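Please study the sequence and the model before reading each solution.

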Amino acid sequence: MNNQKLKTVYTLFSDCWKLFKRFIDAESDEQWQECMEEATRIVERYGEGTKPLVLDTLELLENTKKEMQNEKVQQFRPSVRKEGA
């Protein structure tokens, strides 16, 4: 792999990271729409072969958001004590 190709791959991964970081706190439909548009721009910029990586980034973003929300819910639930404890 030549240096130019390596730089392109590095930039692609960096763009996926920036997408994740930028939208990890997204809440509104408008923010999610903007996230999808940015993901589409990344695929258009680097080619269809990058689509699996971008989709994996979106899946990781979605799963991380769900985990964060579950953690918040667990914080506010009262502890359930087992009988005999």
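A salt bridge is here a side-chain nitrogen of Lys or Arg within 4 Å of a carboxyl oxygen of Asp or Glu. The model is predicted, so local features need pLDDT of at least 70 and side-chain atom pairs count only at pLDDT 80 or more, while totals for chains, interfaces and linings use all residues. Residues are numbered from 1 along each chain as its sequence is written, and side-chain values use heavy atoms, with hydrogens and water left out.

**Exercise 1. State how many salt bridges the whole structure holds, and describe the one between arginine 45 and aspartate 15.**

Step 1. In one of them, the side chains of arginine 45 and aspartate 15 meet, with an N to O distance of 2.9 Å. This pair links distant parts of the chain, 30 residues apart: arginine 45 belongs to helix 2 (residues 29-46) and aspartate 15 to helix 1 (residues 3-23). Helices are DSSP runs of H or I with at least four residues, numbered from the N terminus.

Step 2. Accessibility is read on a scale where buried means under 20% relative accessible area, exposed over 50%, and partly exposed in between (1.4 Å probe, protein chains only). Aspartate 15 has 14% and is therefore buried, whereas arginine 45, at 46%, is partly exposed.

**Exercise 2. Determine which parts of the chain are tied together by glutamate 34 and arginine 22.**

Step 1. The side chains of glutamate 34 and arginine 22 form a salt bridge of 2.1 Å, N to O.

Step 2. Glutamate 34 is in helix 2 and arginine 22 in helix 1, so the pair ties together parts twelve residues apart in sequence.

Step 3. Glutamate 34 is partly exposed because its relative accessibility is 30%. Arginine 22 is also partly exposed, with 47%.

**Exercise 3. Find the aromatic pair and describe its geometry.**

Step 1. Rings of Phe, Tyr and Trp (its six-membered ring) pair if their centres lie within 6.5 Å; planes under 30 degrees apart count as stacked, over 60 as edge-to-face and the rest as tilted.

Step 2. The structure holds one aromatic pair. Tryptophan 17 and phenylalanine 20 form this pair, which is stacked, with 6.0 Å from centre to centre and 20° between the planes.

Step 3. Both residues lie in helix 1, three residues apart, which is about one turn of the helix. Phenylalanine 20 is buried because its relative accessibility is 15%.

Methods. Helices (H or I, at least four residues) and strands (E, at least two) are DSSP runs, numbered from the N terminus.
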